[in-house]
Amino acid sequence: MAVYTDVNENELGAFLRAYPVGELLSYKGIAEGTENSNFLVHASTGSYILTLYEKRVDKADLPFFLGLMGHLARKGISCPLPVTAHDGTVIGTLAGRPAVIITFLEGLSLRRPTAAHCAEVGKALASLHLAGQDFQMRRPNALAIDGWRKLWDASRGRADEVEPGLAAEVDADFGDFERNWPAGLPKGIIHADLFPDNVFFLGEKLSGLIDFYFACDDLYAYDVATCLNAWCFEKDFSFNLTKGVALLAGYQSVRPLSGDEKAALPMLARGSALRFMLTRLYDWLTIPDGGLVMKRDPTEYIRRMRFHRAIRSPSEYGLT
Ligand SMILES: Nc1ncnc2c1ncn2[C@@H]1O[C@H](COP(=O)(O)OP(=O)(O)O)[C@@H](O)[C@H]1O
Ligand SMILES: N[C@@H](CCOP(=O)(O)O)C(=O)O
């Protein structure tokens with residue numbers, strides 16, 4: 001459920017008059033998504049997405065996220081383009097929330113991606129990394145190790161309720177990450193949340209990337225590791241090597257990974273699994289059942305953490 005704030009027809013009609021989108025024809029709330037309220041808007045010039053930013057997005061980050069989407073769209077990445085209002089601004093106010101209009105992308109997100117889809121995602125991720133290289137704004141990753149530590153401090157006391165032994169397991173992991181997190185690898189703009197719900201396809205062809213609200217500066221190979229976690233595991237938590245081979249080959253057909261990046265993949269994939277386990281665990285323990293925020297199962301990412309801990313060589317992900 002992702003309509004936390006309701007919008008009435010009159011206020012939306014007035015809001016839209018500030019943008020070059022024509023007259024409001026119809027609109028409806030979009031159930032998918034987690035963080036913000038989203039609406040599909042039909043106006044006389046076409047379809048748009050209206051996003052109202054809710055409290056978990058830091059308003060100070062909006063110029064970075066929206067500037068990045070504009071930059072990537074202009075460089076040929078298929079992602080939403082924020083619409084500029086008649087007065088030259090992009091961010092307006094609607095129903096008391098910061099609000100924007102972005103272009104609508106055609107396509108569907110997939111519940112069961114195939115290896116062919118994984119190859120497309122790998123290519124798109126590498127193209128995004130290259131296209132972001134000359135983006136001028138910077139945003140440190142709020143969910144790097146220090147951010148993980150804050151989430152863990154808030155959740156550790158109840159972690160064993162979710163999985164007995166989890167507190168000790170994650171404590172040991174933190175020691176490892178703090179000593180061995182890779183330094184000196186290529187970095188730049190990363191998406192940081194390129195999960196299947198944020199990628200659209202038309203058949204086997206990738207048609208768009210959305211949801212740049214975790215984008216930041218971090219290691220490119222960390223973004224690759226996040227995609228391995230999000231795209232290449234099956235429902236039974238087994239790693240699908242065919243999908244790993246496809247995703248990594250797709251990525252490397254656009255941006256080859258260095259030897260150091262390849263060697264770091266097991267540590268990065270473990271770290272990324274911990275990062276998503278922690279945000280899920282925090283939500284699981286702090287958000288009341290029946291609330292508006294959709295809670296995701298942290299144990300799916302505990303399984304991935306264990307898988308990566310047992311990896312002996314990056315070739316086990318499908319690197320050749
Ligand atoms: N530019 C877009 N074009 C088409 N649909 C979109 C677009 N942006 C968002 N959506 C729809 O809105 C949903 C939620 O968007 P998302 O950015 O993932 O929200 P949240 O940040 O709240 O998770 C998506 O799953 C998709 O259905
Ligand atoms: N991809 C994250 C949750 C973030 O949700 P999104 O709707 O903003 O992509 C996870 O799976 O934990």
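This is a predicted model: local features need pLDDT of at least 70, side-chain atom pairs count only at pLDDT 80 or more; totals for chains, interfaces and linings use all residues.
Taken alone, ligand 1 exposes 550 Å², of which the protein buries 91%. A backbone N or O atom of E35 is likewise placed 2.9 Å from an oxygen atom of ligand 1, while a polar backbone atom of T103 lies 2.9 Å from a nitrogen atom of the ligand. The residues around ligand 1 number 18, and those that come nearest are T34, E35, N36, T103 and L105. By class, this shell comprises nine nonpolar, six polar and three charged residues, and at least three residues are drawn from each of domain 1 (9–104) and domain 2 (109–317).

Aromatic pairs in the structure number 19. In one of them, the ring centres of F195 and F276 are 4.7 Å apart and the planes stand at 55 degrees, so the pair is classed as tilted. Because F195 lies in the loop between β6 (187–190) and β7 (199–202) and F276 in helix α9 (residues 259–286), the pair ties together parts that are 81 residues apart in sequence. F195 counts as buried at 11% relative accessibility, and F276 is buried with a relative accessible area of 6%.

An edge-to-face pair is formed by F201 and W231, with 6.3 Å from centre to centre and 70 degrees between the planes. This pair links distant parts of the chain, with F201 in strand β7 and W231 in helix α7 (residues 220–231), 30 residues apart; both F201 and W231 are buried. Ring pairs also link Y53, F64, F65, F135 and Y213 into a cluster.

Technical notes: Residues are numbered from 1 along each chain as its sequence is written. Chains are lettered from A and ligands numbered from 1 in the order in which they are written. Side-chain values use heavy atoms; hydrogens and water are left out. A residue is near a molecule or strand if one of its heavy atoms lies within 4 Å of it. A polar contact is a pair of N or O atoms within 3.5 Å; within protein, one must be able to donate a hydrogen and the other to accept it, and residues adjacent in sequence count only if both atoms are side-chain atoms. Accessible areas come from the Shrake-Rupley method with a 1.4 Å probe; for residues, only the protein chains shown count as cover. Ala, Val, Leu, Ile, Met, Phe, Trp, Tyr, Cys and Pro count as nonpolar, Asp, Glu, Lys and Arg as charged, and the others, Gly among them, as polar. Domain bounds come from an automatic or database domain assignment. Rings of Phe, Tyr and Trp (its six-membered ring) pair if their centres lie within 6.5 Å; planes under 30 degrees apart count as stacked, over 60 as edge-to-face and the rest as tilted. Helices (H or I, at least four residues) and strands (E, at least two) are DSSP runs, numbered from the N terminus. Buried means under 20% relative accessible area, exposed over 50%, partly exposed in between (1.4 Å probe, protein chains only).
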